[in-house]
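The sequence and the model are shown first.

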Amino acid sequence: MTDMFEKLAQSVIDGEPDDTSTLAKEALEQGLDPLKCITEGLTKGIQKVGELFASGDYFLPELIIGADAMKEGLEILEPALLGEQKREVVAQVVLGTVEGDLHEIGKTLVGTMLTANGFQVKDIGVDQPASAFVDAAKEVDATIVGASALLTTTMLQQEKLVQALEEAGLKPKVKVMVGGAPVTETYAKKIGADGYAEDAISAVDLAFRLADAPA
Ligand code: B1M
């Protein structure tokens with residue numbers, strides 16, 4: 001990890017959004033890769049916050065301020081990722097976080113990476129029922145519907161989504177991509193999703209495969 005990645009991570013761990021923002025700007029000025037600043041810096045920081053929360057050393061306020069810091073950093077770094085976009089629209093994607101789940105950072109990052117790689121993304125936000133994904137898929141004539149879930153309780157909603165898309169007659173034409181920390185390949189297969197991605201980079205590879213388009 002470079003010194004800058006460590007500083008970015010630490011500012012998230014310390015819950016210092018202003019510092020994260022300043023460091024993210026400095027990182028770009030230094031010519032550092034924005035994606036690496038996110039994956040090696042901010043993400044490492046928020047993962048540590050999650051560990052400290054799980055061990056009882058951090059409480060909800062620290063979780064919230066850590067997430068705020070991460071979002072401040074992403075606000076600076078994500079546009080730099082989009083700046084690299086240089087291809088035609090590959091496919092339409094509907095993306096959201098499932099009902100009962102407020103975690104947005106990973107979902108939004110997946111959306112940014114897809115956009116940067118030529119996908120047209122309709123982000124329907126967090127806490128979205130299966131019906132909202134179905135409606136949006138119809139509206140944009142989606143090729144892929146992507147659902148994020150960060151809680152063991154809410155990942156069950158991904159199965160409901162697959163069923164809702166089947167009931168609406170959209171499957172198998174519309175492909176379902178799932179992800180989020182508790183989700184696994186095995187679970188994705190079990191619920192009838194078309195693919196699982198562990199992180200935003202593999203989500204892009206998967207989306208190209210699901211859209212049957214060359215990367
Ligand atoms: Co929450 N939270 N949280 N949280 N939170 C976790 C998920 C948790 C693991 C923390 C812990 O205990 N260690 C735990 C879940 C435990 C479990 O279910 N087993 C937890 C809990 C318990 C809770 C609350 C219940 C806490 C409470 O209220 N007592 C509560 C639930 C609220 C709700 O949703 N109803 C809660 C709330 C929050 C905040 C709101 C404070 C905040 C989110 C703020 C926001 O998003 N605006 C928050 C945060 C920040 C976290 C952790 C620390 C970090 C999540 C994150 O942003 N990671 C998280 C711990 C952890 O995950 N290690 C935790 C960074 C992000 C880049 O990674 O989201 O994993 P991630 O996304 C990755 C991949 O998963 C993948 O690509 C992304 C980029 O690489 N991916 C996809 C994600 N979606 C994808 C979709 C795809 C493909 C790939 O296709 C469609």
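Just after helix α1, G15 takes a positive phi of about 65 degrees. The model is predicted: local features need pLDDT of at least 70 and side-chain atom pairs pLDDT 80 or more, while totals for chains, interfaces and linings use all residues. Residues are numbered from 1 along each chain as its sequence is written, and side-chain values use heavy atoms, without hydrogens and water.

Helices (H or I, at least four residues) and strands (E, at least two) are DSSP runs, numbered from the N terminus.

The axes of α4 and α5, lines fitted to C-alpha atoms over the stretch in contact, come within 10 Å and cross at roughly 5 degrees, on a scale from 0 to 180 degrees between N-to-C directions. Therefore α4 is roughly parallel to α5 (angles under 35 degrees). Residues of α4 in this contact include A67 and M70, and those of α5 include I105 and T108.

Strand β1 has six of its seven residues buried. H103 lies in the loop between β1 (92–98) and α5 (105–116). Its NE2 atom is the single protein donor (N, O or S within 2.8 Å of the metal; 3.2 Å for Na, K and Ca) to the ligand's cobalt atom, 2.3 Å away.

How values were computed:
Angles under 35 degrees count as roughly parallel, over 145 as roughly antiparallel, 65 to 115 as roughly perpendicular and the rest as oblique. Contact means heavy atoms within 4.5 Å. Buried means under 20% relative accessible area, exposed over 50%, partly exposed in between (1.4 Å probe, protein chains only).
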